[in-house]
Amino acid sequence: MAIFGLWVINKAGGLVYQRNIGDGLPGLTSNEYLVLAGTLHGIHAITSRLSPTGSSSGAHTIEGEAFKMTILLTATGTKFVLLTSVVEPTADSVLQKVYEIYSDAVMKNPFHTPEMPIRSEAFDSRITALIG
Amino acid sequence: MTIYSLYIYDRHCTCVYYQDWHRTKAPRPATEGGILPAVSQQLYQVRGEDGTLSVMNSSPRNTLSSSSGVVIAVNDELPRTPLLQTMPQPPAPKPVHTGLSFDEEAKLVYGVVLSLRNMIKKLSGQDEQFTNYRTSTYKLHLYETLSGYKFIMLSDPFSDSLRFILRQIYAGPFLEYVVRNPLVNMDSKEYGIDNEYFRASVDRIVRGLSVF
């Protein structure tokens, strides 16, 4: 029951927000995070094509032995990724709330350029209040 | 609760075995030279229906498999015909194809699994294994052996972890009918590992599961 990190990936696969919470996972350099986010973007597209029946969404959760990634894809193509421990039943609802905060604090901000890294104190502090 | 398919890859990234059960969207047959011989009987059968591959029945070495006695594996380029002559089955309805051919699909599956495996290792900072991912219509499970063989199974999205089954397939049929079978050319990069006993044995394990 722990949250390790949050990523926001824009529709082109660029990492626009990344934040570690707690020290459950080792920190990587920002370059490494950018590469991982790009990889995840590609994998997400491929997984939807591998469906053995009917049409499929992209990967929704990806699990390792000790942590999992939960991915929320919005209608506009932005991806919210939450890194948590394997048993974290609230991951989906947390992501929905993050999306709400993103809409309020980032999309309604007239000084924010779409698809660019998020540098907003309001967003930061509200995320801290939610999962910090 | 459904199990869709099983892929086995060797450490050279090549698909050496494939079997499926409840797939409603089959891959298109592999292109010539796209997959190794003796990977999957099903795929060759599909090609036979199209009338493009009739060599299967006229193979000069077919005498081996129809004779009495136990043949565990035949060193033949083509998949072996069943030991027991089965009754001719009514033609199945034409399967709906995905847009991909089998060799492309096999490469994509391997690519996804390898990338995720590296991503999980990098993020965790230690040797942590990637175990599964889930989409709206299926769940992919991975079990990797120390020798680099990767067992990959696709099931419905709500099943529990199936790694123990993959391990069971490795510890049972795989060791018994592939590793201990002197006629199977492992690690050759030229042949798959498909043989009658392995296929039947895997089939029995999977069909006996409560999640099948």
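**A residue and its surroundings**

Reply: In this predicted model, A:Ala2 lies in the segment that precedes strand β1 (3-9) of chain A. Its relative accessible area is 29%, and A:Ala2 is therefore classed as partly exposed, since that class lies between the limits of 20% and 50%. Leaving aside residues up to four places away in sequence, A:Ala2 touches A:Thr84, A:Ser85 and A:Glu88. A related distance concerns A:Ala91, which is 89 residues from A:Ala2 along the chain.

The view may now be widened to the whole of chain A. This chain contains three helices and five strands, and their order along the sequence is β-β-α-β-β-β-α-α. Chain A has 132 residues, of which 48% count as buried. If one takes the contacts in chain A between residues at least 6 apart in sequence, 49% of them join residues at least 24 apart.

The next step leads from chain A to chain B. Two packed helices are described by the angle between their axes and the distance between the axes. Here the pair consists of helix α1 (residues 30-47) of chain A and helix α3 (residues 102-124) of chain B. They pack at an angle of about 150°, and their axes are 10 Å apart. Because angles over 145 degrees count as roughly antiparallel, α1(A) and α3(B) are described as roughly antiparallel to each other. The crossing in which α1(A) passes α3(B) is left-handed. On the side of α1(A), the contact is made by A:Glu32, A:Tyr33, A:Leu36, A:Thr39, A:Leu40, A:Ile43, A:Ile46 and A:Thr47. On the side of α3(B), the contact is made by B:Leu108, B:Val112, B:Ser115, B:Leu116, B:Met119, B:Lys122 and B:Leu123. By type, the residues of this contact comprise 10 nonpolar, three polar and two charged.

Finally, the cysteines deserve attention. A disulfide is a covalent bond between the sulfur atoms of two cysteines. A search of the whole structure finds zero disulfides over all chains. B:Cys13 has a relative accessibility of 43% and so counts as partly exposed. B:Cys15 has a relative accessibility of 9% and counts as buried, because this value is under 20%.

Methods. Residues numbered from 1 in each chain as written. Chains lettered and ligands numbered in written order. Predicted model: local features only at pLDDT ≥ 70, side-chain atom pairs only at ≥ 80, totals over all residues. Heavy atoms only, no water. Axes fitted to C-alpha atoms, helices over the stretch in contact; angles between N-to-C directions. Helix = DSSP H or I, 4+ residues; strand = E, 2+ residues; numbered from the N terminus. Parallel < 35°, antiparallel > 145°, perpendicular 65-115°, else oblique. Left-handed = near helix turned anticlockwise from the far one by under 90°. Contact = heavy atoms within 4.5 Å. Nonpolar A, V, L, I, M, F, W, Y, C, P; charged D, E, K, R; others polar. Buried < 20%, exposed > 50% of the residue type's maximum accessible area, 1.4 Å probe, protein only. Disulfide = S-S within 2.5 Å.
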